[in-house]
Amino acid sequence: MSVIDAIKARNFLVIGRVGMDLSPDPAGTRTREASSMMVAMGGSSANIAAGLVKFCCKAALVTKVSDDAVGWYCLGQLDHYGIDRTHVQPITGECRTSLAIYETRVEEHQSVIYRNNAADFQLGIDDVEAVDYKSYGALITAGTVFAAEPSRSATFRAFELARAAGLPIIFDVDYRPYSWPSPEVAEEVLSRAGSLADVIVGNDEEFGFMAGGIDKGLAKARELAHSSAAIVVYKMGPEGAITFFDGQEIRTGIYPVEALKPTGAGDSFMAGLLAGLSEGRDIRDAVLRGSACASIVVSRPGCAPAMPDTQQLEDFLTSHPGPTDV
């Protein structure tokens with residue numbers, strides 16, 4: 001089965017964190033001046049899963065949460081969004097579910113993420129071996145899962161099991177320096193994960209990081225497309241994206257909006273891209289729909305709550321003048 005055909009099953013297994021997001025309310029408020037906070041579900045993998053479910057796909061999350069009020073909140077939010085949490089396991093002890101505090105503002109934006117002794121890093125090989133991979137169409141993960149053990153080894157084991165079951169591996173590089181012990185470890189591990197993936201999405205800095213210099217990032221993306229991956233999306237911020245697929249290099253623009261915040265765009269892009277491909281759309285259209293989703297999310301408060309559904313995306317595309325020229 002081809003990568004595209006597997007995505008068309010519209011049934012995704014997502015490995016990675018779910019967390020609690022806090023953002024000062026109303027929008028524009030600095031954290032140091034806050035008197036109230038908006039509370040929402042966060043975490044890259046959980047956000048991607050929420051975005052997919054809003055597009056009527058199925059998504060199951062594989063992770064761990066702390067057995068406390070914050071972990072229980074996350075479990076309730078997974079239920080709220082319709083994400084299958086069969087493989088989300090609570091753990092006791094000193095590990096805690098991640099907490100992110102970020103401002104709904106662009107100027108002098110501050111995001112503070114608490115990841116010390118993160119519960120999701122406790123995902124083990126036994127946890128991923130308990131999954132029936134043949135029940136899903138594709139596996140998705142973001143780079144954060146590889147930042148620490150035992151989650152790193154567990155996710156590489158999940159890659160092996162997914163491959164054996166015929167699932168394509170979809171990888172969002174999602175490099176977050178604060179999660180890693182060193183840039184050298186991150187470069188080695190993320191490069192290994194990229195070499196195993198069938199679909200790779202990252203920005204110019206992330207590909208440059210894997211290649212050893214931002215000026216080498218585009219060549220790295222092109223190399224992965226020629227050697228191992230079926231689809232590689234090289235994102236360039238306001239300059240749009242270059243997608244490598246079936247021997248083509250497809251350039252696409254962005255949908256300009258007045259942004260409220262810089263967070264959540266990548267997660268929404270991934271959900272919109274995969275949902276578009278799952279609906280049988282061509283690669284250019286799917287990438288543009290992902291770009292539109294990213295623009296929608298940065299123009300709204302929250303991350304998971306800001307993810308559009310099908311009707312909201314169609315309304316945005318109908319009312320927007322269109323993507324930038326490339």
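The paragraphs below go through the cores, aromatic pairs, salt bridges and cysteines of this structure.

This is a predicted model, in which local features need pLDDT of at least 70 and side-chain atom pairs count only at pLDDT 80 or more, while totals for chains, interfaces and linings use all residues. Residues are numbered from 1 along each chain as its sequence is written, and side-chain values use heavy atoms, with hydrogens and water left out.

In soluble globular proteins, nonpolar side chains tend to be buried together. A nonpolar core here is a set of buried Ala, Val, Leu, Ile, Met, Phe, Trp, Tyr and Cys residues joined through side-chain atoms within 4.5 Å; buried means under 20% relative accessible area, exposed over 50%, and partly exposed in between (1.4 Å probe, protein chains only). The largest such core has 46 residues, and those with the most contacts inside it are Tyr-133, Leu-139, Phe-146, Leu-190, Ile-200 and Val-232. Helix H5 (residues 151-164) gives this core its largest share, 6 residues. Helices (H or I, at least four residues) and strands (E, at least two) are DSSP runs, numbered from the N terminus. Another core, of 43 residues, lies apart from the largest one and includes Ile-4, Ala-49, Leu-274 and Ala-286.

Rings of Phe, Tyr and Trp (its six-membered ring) pair if their centres lie within 6.5 Å; planes under 30 degrees apart count as stacked, over 60 as edge-to-face and the rest as tilted. The structure holds 7 aromatic pairs. In one of them, Phe-146 and Phe-159 have ring centres 5.7 Å apart and planes at 80°, so the pair is edge-to-face. Phe-146 lies in the loop between strand E8 (138-142) and H5, and Phe-159 in helix H5, so the pair ties together parts 13 residues apart in sequence. Both residues, Phe-146 and Phe-159, are buried. The pair of Tyr-175 and Phe-209 is stacked, because the ring centres are 4.1 Å apart and the planes at 15°. Phe-146, Phe-156, Phe-159 and Phe-171 form one aromatic cluster.

The structure holds 15 salt bridges, each a side-chain nitrogen of Lys or Arg within 4 Å of a carboxyl oxygen of Asp or Glu. Within helix H5, Arg-157 and Glu-160 are 3 residues apart, about one turn of the helix, and their closest N and O atoms are 2.9 Å apart. Glu-249 and Arg-222 also meet in a salt bridge, at 2.7 Å from N to O. This pair links distant parts of the chain, with Glu-249 in strand E13 (residues 248-252) and Arg-222 in helix H8 (residues 217-227), 27 residues apart. Salt bridges that share partners join Glu-279, Arg-281, Asp-285, Arg-289 and Glu-314 into one network.

There are 0 disulfides (pairs of cysteine sulfur atoms within 2.5 Å). For Cys-57, the nearest cysteine sulfur, that of Cys-56, is 7.6 Å away. Cys-74 has its closest cysteine sulfur in Cys-303, 13 Å away and too far for a bond; Cys-74 is buried, at 0% relative accessibility.
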